Amino acid sequence: MLGDTCTLSPDAVDRVNHSTRQRLPLPATSNDRVLSTCATIIGQSHCPSHHFLPIKDRSVLWSISAFSATVVSLVPPPSAAGGVKDRSFDSRSWTSARGSSCDRSSWQNQIQLMGDSIALAITKSGADCDVASNLNFETHHGGESETIGESEKPKVFEPCHSRFTDYTPCQDQKRAMTFPRENMNYRERHCPPDGEKLHCLIPAPKGYVTPFPWPKSRDYVPYANAPYKALTVEKAIQNWIQYEGNVFRFPGGGTQFPQGADKYIDQLASVIPIDNGTVRTALDTGCGVASWGAYLWSRKVIAMSFAPRDSHEAQVQFALERGVPAVIGVLGTIKMPYPSRSFDMAHCSRCLIPWGSNDGMYLKEVDRVLRPGGYWVLSGPPINWRTNYKAWQRPKEELREEQRKIEEVASLLCWEKKYEKGEIAVWQKRINAESCRARQDDSRATFCKSAEVDDVWYKKMEACVTPYPDVNDSDEVAGGELKPFPERLYTVPPRIVSGSVSGVSVETYQEDSNKWKRHVNAYKKINKLLDTGRYRNIMDMNAGLGGFAAAIESPKLWTMNVVPTIADRSTLGVIFERGLIGIYHDWCEAFSTYPRTYDLIHANGVQSVQGYM
């Protein structure tokens with residue numbers, strides 16, 4: 001899509017609802033919300049109401065309807081790279097909710113273009129930036145379209161049928177039913193073959209309106225944006241979600257905390273250091289509508305929530321509409337798309353995951369992504385089964401055996417049980433292997449190969465124990481101790497200090513951080529809405545060391561840092577050590593999300609993943 005000239009046919013404009021996710025007030029009706037697909041070149045603004053313009057240099061701010069977001073990229077024009085000619089991309093080289101295919105080789109071979117000189121030029125221009133004074137980041141619904149020359153014939157993308165409004169290509173419900181149900185295989189990613197991929201624009205639902213700004217979005221979602229009422233009935237007494245007129249209201253309840261997430265988190269905070277910055281990154285497995293993550297935000301904890309696309313209709317969609325980080329996902333047969341030692345805390349609130357099954361494979365996978373000293377919270381069955389077996393309508397013997405298996409695996413992992421009260425239990429992972437020497441001689445402990453613990457994309461989950469990094473003494477935190485947040489955001493991460501990321505030194509890391517501070521400063525002069533709260537859900541398609549997300553970090557927003565699976569260096573572990581969140585992804589496939597879920601997408605250096613910058 002990038003670099004192509006394409007247009008919507010006139011009748012398509014009438015039939016396609018506004019599919020960008022704006023967070024400023026817009027008219028209440030949907031008829032005037034046509035696709036806002038504005039391609040803006042720095043120093044020259046082209047914003048017609050219904051077509052893309054060719055993007056022939058690389059000094060651009062992109063707004064791409066297929067991602068339903070504003071996309072920012074700041075890299076120099078071809079002339080700045082030694083006269084490199086335009087390298088336009090075919091639209092099929094990009095993926096979105098359309099599930100497009102990708103020419104991997106051409107992507108990998110694109111020359112890497114840097115934008116530091118432009119950032120400096122804009123920064124030096126002063127507070128009244130005149131480099132791009134005519135840019136406009138408002139939605140453009142009308143006005144005259146500019147004439148496109150005969151040599152630039154547009155590529156027409158018709159809107160998809162309305163049944164594809166919430167299409168998720170790699171988690172398509174119909175296709176899922178053709179895969180085995182064992183170990184939730186059918187709920188995992190299964191992307192369409194080339195012949196089934198769509199080449200059309202995903203329409204928004206009828207009546208789609210501007211989502212509420214954060215923090216109001218935590219509690220309210222417009223009904224038209226996700227018009228699914230099933231959970232309001234199924235979870236009525238648990239306070240997940242309520243339907244009130246033209247909005248859904250989220251009281252903050254959950255299956256295990258019907259009185260509200262805040263009180264539940266208070267209980268956890270009596271055991272876990274949630275409020276002092278020690279715990280910053282969290283993983284919520286089987287998140288529902290992500291109220292746990294939503295209410296952790298005020299405590300400066302950022303949770304990566306995931307749940308499958310299943311009978312609990314649109315739960316992840318609700319989470320993202322609320323402005324809470326979430327992806328479609330499941331613990332099944334494939335490793336989670338996160339590196340080892342990523343999360344300070346992991347959580348399961350009646351998530352129905354069989355933790356003791358398959359030799360404790362799922363619990364061992366949580367151990368892989370849990371950092372040394374991190375916490376695992378389990379609330380709901382089988383905890384306190386003696387009291388609740390009748391309410392849960394399950395045999396005592398079955399629940400007792402389920403808890404026995406969990407305790408056995410936790411012991412094998414050398415987790416220390418810190419708390420059990422009511423239906424909540426909390427374990428803490430040891431800080432290093434020296435704390436658990438007996439495990440080395442335990443015949444039940446099969447250890448994973450150290451070189452493979454971060455090799456996760458479509459790799460089979462194994463019932464093996466992830467080894468700790470080596471330490472010099474029994475008090476040392478394996479992998480390195482992290483500073484409390486927000487100090488850790490700019491402290492040099494342990495993976496960099498130890499030289500674990502090939503080719504990245506402490507100096508390189510610091511230079512990268514400084515570069516992104518300059519870039520984001522330039523972005524803010526170009527797009528003055530970046531600090532207003534308009535953009536809540538942000539994605540960085542090629543996150544590198546997380547410099548962009550660190551520079552733009554604010555209580556008003558969060559960034560999904562994507563590290564492409566074919567990048568030269570695996571830097572996602574560094575991103576988590578900074579107190580940020582992210583995920584591995586192959587951009588030759590559709591992302592594990594719903595349409596219209598990101599406000600702003602940052603695309604720097606996506607043309608080439610030969611380098612991380």
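Which strands does helix H12 (residues 396–412) lie across? The legends below take up this and other close-ups of a predicted model.

**View 1. Helix H12 against the sheet.** H12 lies across E14, E15 and E16. Its direction is at about 150° to E15.

**View 2. The open sheet.** Seven strands follow the order E12-E11-E10-E13-E14-E16-E15, with mixed pairing. Strand E12 (326–328) and strand E15 (416–421) are the edges, and each pairs on one side only. On average, neighbouring strands are turned by 15° against each other, direction ignored.

View 3. E15 and strand E16 (residues 424–428) run antiparallel and are joined by 5 bridges. Glu420 has Ala425, in E16, as its bridge partner.

**View 4. Helix H10.** Residues 361–369 form H10. This helix lies across strand E10 (281–285), strand E13 (343–349) and strand E14 (370–379). It runs at about 140° to E14.

**View 5. Two cis peptide bonds.** Most peptide bonds are trans. The bond from Trp214 to Pro215 is cis, with omega near 10°. Pro215 sits in the loop between helix H4 (173–176) and helix H5 (216–219). Pro381 and Pro382 are also joined by a cis bond, with omega about 5°. Pro382 belongs to the loop between E14 and helix H11 (385–392).

View 6. Most residues other than glycine have a negative phi. Met184 has phi near 65° and lies in the loop between H4 and H5. Met184 is partly exposed, at 29% relative accessible area. Leu352 also has phi near 65°; its loop runs between E13 and H10. Leu352 counts as exposed, at 72% relative accessibility.

Note on methods:
Residues are numbered from 1 along each chain as its sequence is written. This is a predicted model: local features need pLDDT of at least 70, side-chain atom pairs count only at pLDDT 80 or more; totals for chains, interfaces and linings use all residues. Side-chain values use heavy atoms; hydrogens and water are left out. Two strands pair if DSSP finds at least two bridges between them. Helices (H or I, at least four residues) and strands (E, at least two) are DSSP runs, numbered from the N terminus. Axes are lines fitted to C-alpha atoms, for helices over the stretch in contact, and angles run from 0 to 180 degrees between N-to-C directions. Contact means heavy atoms within 4.5 Å. Buried means under 20% relative accessible area, exposed over 50%, partly exposed in between (1.4 Å probe, protein chains only).
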